[in-house]
Amino acid sequence: MRRTSRSPSPCAISGLLELLTRPWTMHILWALSTNGTLRFGVLRESVPGISARVLTQRLRSLEDNGFVFRHYHKTIPPAVTYGITERMKDIEKVLEQLEQLARKWQDEGTTLPAGPAPAPRAVSQMGPRP
């Protein structure tokens, strides 16, 4: 009997990996993790090469899965900010470990595939992250 994609996987990590390995998802999470709460435009600038459409899709998915929060500010013009949730803070630790490993390998001369240029640290629109 063939499994459908809606069936839960017997592997606990498969759903998480499916979410996190979508194009741009880890870049978005890294930008929010390192820069704190950001407005949409600033977040887009922090992830060079991403389109507004893809950023919106990824943010919605991350929000639906509890990794990112969205706050709508009733201002003129309206402002929307995004930040990481408590659930994301668990993954943030893993991201920091991956960064340390990548830097170690880089120092050892290991050549890794080139990704997008590193995002400049954005100035948070909402002040420092708690």
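Guide: What follows describes that helix pair and then its setting. The model is predicted, so local features need pLDDT of at least 70 and side-chain atom pairs count only at pLDDT 80 or more, whereas totals for chains, interfaces and linings use all residues. Residues are numbered from 1 along each chain as its sequence is written, and side-chain values use heavy atoms, with hydrogens and water left out.

Helix α2 (residues 25–35) packs with helix α5 (residues 86–107) at an angle of about 100 degrees, their axes lying 11 Å apart; helices here are DSSP runs of H or I with at least four residues, numbered from the N terminus, and axes are lines fitted to C-alpha atoms over the stretch in contact, with angles from 0 to 180 degrees between N-to-C directions. α2 is therefore roughly perpendicular to α5, a term that covers 65 to 115 degrees. On the α2 side the contact (heavy atoms within 4.5 Å) is made by Met 26, Leu 29, Trp 30 and Ser 33, and on the α5 side by Met 88, Glu 92, Leu 95, Glu 96 and Glu 99. By class, this contact has 5 nonpolar, 1 polar and 3 charged residues, where Ala, Val, Leu, Ile, Met, Phe, Trp, Tyr, Cys and Pro count as nonpolar, Asp, Glu, Lys and Arg as charged, and the others, Gly among them, as polar.

As for the setting, the protein has 5 helices and 3 strands, in the order α-α-β-α-α-β-β-α from the N terminus.

Conventions:
Helix = DSSP H or I, 4+ residues; strand = E, 2+ residues; numbered from the N terminus. Parallel < 35°, antiparallel > 145°, perpendicular 65-115°, else oblique.
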